[in-house]
Amino acid sequence: ETPGEDPTLTSKYGVAYVKGLQQTDDGSTNKLKVAACCKHYTAYDVDNWKGIERYSFNAVVTQQDLDDTFQPPFKSCVLEGDVASVMCSYNQVNGKPTCGDPNLLAGIIRGEWKLNGYIVTDCDSLQVIFKSQNYTKTPEEAAALGLNSGVDLNCGSWLSTYTQGAVNQKLVNESVIDRAISNNFATLMRLGFFDGNPKNRIYGNLGPKDVCTTENQELAREAARQGIVLLKNTAGSLPLTPTAIKSLAVIGPNANVTKTMIGNYEGIPCKYITPLQGLTASVATIYRPGCADVSCNTAQIDDAKQVASTADAVVLVMGSDQSIEKESLDRTNITLPGQQSVLVAEVAKVAKGPVILVIMSGGGMDVQFAVDNPKITSILWVGFPGEAGGAALADVIFGYYNPSGRLPMTWYPQSYADVVPMTNMNMRPNPATNYPGRTYRFYTGPTVFTFGHGLSYSQFKHHLDKAPQFVSLPLGEKHTCHLSKCKTVDAVGQSCSNMGFDIHLRVKNVGKISGSHTIFLFTSPPSVHNAPKKHLLGFEKVHLTPQGEGVVKFNVDVCKHLSVHDELGNRKVALGPHVLHIGDLKHSLTLRI
């Protein structure tokens, strides 16, 4: 599972998530509150696309893409998050099942990254290796392959059924089983399974009463508010003034949904607040679903137009649900489903006031028609916003909350999905085959919205207070780069120790509304080793009152942040001019020896 397309973002998200789950409240560094698991390792992108299923898919991935895109979030989970578990995925990577690859498991997770915990299969992965991939001749061979590769725990019954047979056939040594059991039980010990009556422990008295507290329900609302992204906003549109709205038309198949808001792998909500309920709490509303469901095979256009034509403003809540995108269901069409876009356009034609398009979806949507239509005055993306999503949406629409969310992924046009097979794992473009590449880091074609896009009801100005123009790498006297003109140097060793610098950016809220503002730090390295044209180094969020100022500080480690992976996966620091993108400013920095 991933919160976006960028490895730095995903790494930071993963580490924060793991620490939040695992860290105890009594200060113990070795005990666990919950044993978190980072999944699914690795290069696990195809679920079920045009009949190609994850169970038999072989992801062909270059070493460079593996090391600079797919592996970093897992590496951060282990090295920075100290996660208790990593789950291997169903797919193969370069011809080997991930749960049966000793290099990926024992070699990297356990060996290089020094996982303190256990490696677990996705559910029935060993059965998939035997039955779906026909990778082993017998069930016992599949069990042995997993154990010998580094698997400690199997989700399912495969190991408990076939491990004894594998031992009898001398396919696996008992010492391997001892290792697996030791890793599993060590985790149970860290969780306090053997510390006596749980009621006497720190979390022993938690129960249902602790779930739906006022604080937790407010947290659900705040999380939803922070996650809403304002994609388009014409002057005079949002925020709406509740006292000026006598009637609000609320239209769309997602306007009054409940379960759609919580996605899947969900908990039991305390209570739902639908978009319609959230908006109705502030103004009088007239509701029309417009479509029977999100597939919207037949839109009830005339009915929707009638209420829209007399209302002071219109909110259209469109998008998808799990009938469109979910586990085991990849999209081939990324436009609004069915006749949704027709409904939106027809309603916008007759509306007399602001028209706000709200997209509730997991992935990006090609809504270029709405971006280009001046009658559609605002666009919001709310994701699947959780139980309080409707309340959070109303908070943003009526200006009780100033939106600050940013897109965690590129929103592509449908033409991209038409020509780029999901089975092509290459991040980098290939001009020879007209393959355009993936993500903002490599793709240079047209987009509907870019990675990191997101507007505010306020305006912010940036001023660079501190950043160097030159950084010199201290190479040893006998280093070969003194004799020949090097384009890169290794991002390890003496030249990298304590090589860093600070960047200070002054940010001012020049608008009339308090708000939060995210500052991104990107770099565009020199063109060596097919490096990303731009990639994220870090981000910071500041909250500023009107006319308020703050200073955002970044510490840049030259060898960690300004290095790139070469074609073999080795980290190299590129010499020459780097362009730092600091907020909306650009700053040239030259690395030299």
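Predicted model: local features only at pLDDT ≥ 70, side-chain atom pairs only at ≥ 80, totals over all residues.
In helix H12 (residues 340-350), Glu-346 and Lys-349 sit three residues apart, which means that about one helical turn separates them, and helices here are DSSP runs of H or I with at least four residues, strands being E runs of at least two, all numbered from the N terminus. Residues are numbered from 1 along each chain as its sequence is written, and side-chain values use heavy atoms, with hydrogens and water left out.

Lys-349 is exposed, because its relative accessible area is 58%; for the terms of exposure, buried means under 20% relative accessible area, exposed means over 50%, and partly exposed lies in between, with a 1.4 Å probe and protein chains only.

A second salt bridge is the one between the side chains of Asp-465 and Arg-506, at 3.0 Å from N to O. Asp-465 belongs to strand E15 (residues 460-466) and Arg-506 to strand E18 (residues 500-509), so this pair ties together parts that are 41 residues apart in sequence. Asp-465 is partly exposed, with a relative accessible area of 37%, and Arg-506 also counts as partly exposed, at 29% relative accessibility.

How many salt bridges does a search of the whole structure find? The search finds 23, and one that I would like to show you links the side chains of Arg-428 and Asp-65, at 2.6 Å from N to O. Arg-428 lies in the loop between helix H15 (414-419) and helix H16 (439-442), whereas Asp-65 lies in helix H2 (residues 63-70), so the pair ties together parts that are 363 residues apart in sequence. Both Arg-428 and Asp-65 are buried.

Ile-181, Phe-185, Met-189, Phe-193 and Phe-194 make a nonpolar surface patch of about 540 Å². Among these residues, Phe-185 is found in helix H8 (residues 174-190) and counts as partly exposed because its relative accessibility is 40%.

A positive surface patch is formed by Lys-12, Lys-75, Lys-560 and Arg-571, with Lys and Arg counted as positive, Asp and Glu as negative, and His and the chain ends not counted. The place of a charge is taken as NZ of Lys, CZ of Arg, CG of Asp or CD of Glu. Lys-75 lies in helix H3 (residues 72-79) and is partly exposed, with a relative accessible area of 38%.

Next, the backbone. The peptide bond from Tyr-41 to Thr-42 is cis, with omega near 10 degrees, and Thr-42 lies in the loop between strand E1 (37-41) and strand E2 (48-49). Ala-43, found in the loop between E1 and E2, has a positive phi of about 50 degrees although it is not a glycine, and is buried, with a relative accessible area of 2%. A cis peptide bond also joins Leu-238 and Pro-239, with omega about 0 degrees, and Pro-239 lies in the loop between E9 and E10.

Finally, an unreviewed UniProt entry carries the annotation "domain: Fibronectin type III-like" for residues 517-586; UniProt positions are given in the numbering used here, feature names are shortened, and annotations may be inferred rather than shown by experiment. Over residues 517-586, the chain is 6% helix and 61% strand, and the end C-alpha atoms are 18 Å apart.

Notes. Patch = residues over 30% accessible without salt bridge, like charges linked within 9 Å, V, L, I, M, F, W, Y side chains within 5 Å. Areas by Shrake-Rupley, 256 points an atom, 1.4 Å probe, with all protein chains shown as cover. Salt bridge = Lys/Arg side-chain N within 4 Å of Asp/Glu carboxyl O.
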